[in-house]
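Please find below my notes on the model you sent. They go from the whole chain down to single residues.

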Amino acid sequence: MSFDVVVAADREWGIGKANALPWPKLKGDLAHFKRVTCEASEGKRNAIVRGRKTWESAEVGGRPLPRRLNIVITRRGLTPPEGVLVVGSVDAALDAAGEAEATFVVGGDEIFREAFAHPQLRYVYLTRVDGTFGCDVHIPDLDALGFHRDAWAGEQEAEENGVRYRIGRLVPAPR
């Protein structure tokens, strides 16, 4: 089963600071996230996969996102709300996603690293935030890993709260 990644990163590939997003709220990026991860055929739903730290982050607060199958990857014990699945790896999450129409890995850094190297990765929906935000969590440089831009009709540029960003889609280097 193929899957996609949805991530936002600053110029230094930073994705978080103190277990929260380091930049001001970007409504356009949040709308993009919701649109991409929620769009499914009638009677179907998508799965979102994230690590425990992302599950506990300020933005998520241990709450499942509606209209999606929520899967949390952790090696620790975790008692999630009803309907949230807990697994131990990206492969186990892909198996647990089962009947989902599409599966999206949405954080954090350890899960992203595993996902970027996974042979089933199809796309990375990347919001590139213009600036540096003193992040304490980073993902690998996707350019250095050989990812490249894909022709995608959803690409957009915006500025909100004094922060410029660009939403695009990348494909992994041929394996």
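1. Cysteines. The model is a predicted one, and the remarks here should be read with that in mind. C135 has a relative accessibility of 12% and therefore counts as buried, the cut-off being under 20%. C38 is buried as well, with a relative accessible area of 10%. A search of the whole structure for disulfides finds zero.

2. Overall dimensions. The chain has 175 residues, and a compact globule of that length would have a radius of gyration near 16 Å; the value for the chain is 15 Å, which agrees. Taken along the principal axes, the C-alpha atoms fill a box of roughly 40 × 35 × 30 Å.

3. Secondary structure and contacts. The chain contains four helices and 11 strands. Of the contacts between residues at least 6 apart in sequence, 66% join residues that are at least 24 apart.

4. Burial and surface. Buried residues account for 47% of the 175 residues in the chain.

5. Helix α1. This helix covers residues 27-38, which is 12 residues. Which residues of α1 are buried? They are D29, H32, V36, T37 and C38. As a general point, an α-helix has 3.6 residues a turn, so residues three or four places apart point the same way.

6. Position of E56. This residue lies in the loop between α2 (52-55) and β4 (68-73).

7. Surroundings of E56. Leaving aside residues up to four places away in sequence, E56 touches N19, G61, G62 and L78. The side chain of E56 also makes a polar contact with the side chain of R52, at 2.8 Å. E56 and D143 are 87 residues apart in sequence, and their C-alpha atoms are 29 Å apart in space.

Definitions and conventions: Residues numbered from 1 in each chain as written. Predicted model: local features only at pLDDT ≥ 70, side-chain atom pairs only at ≥ 80, totals over all residues. Heavy atoms only, no water. Disulfide = S-S within 2.5 Å. Buried < 20%, exposed > 50% of the residue type's maximum accessible area, 1.4 Å probe, protein only. Helix = DSSP H or I, 4+ residues; strand = E, 2+ residues; numbered from the N terminus. Expected span 1.5 Å × (residues − 1). Contact = heavy atoms within 4.5 Å. Polar contact = N/O pair within 3.5 Å; in protein donor to acceptor, adjacent residues only side chain to side chain. Rg over C-alpha atoms; globule rule 2.2 N^0.38 Å.
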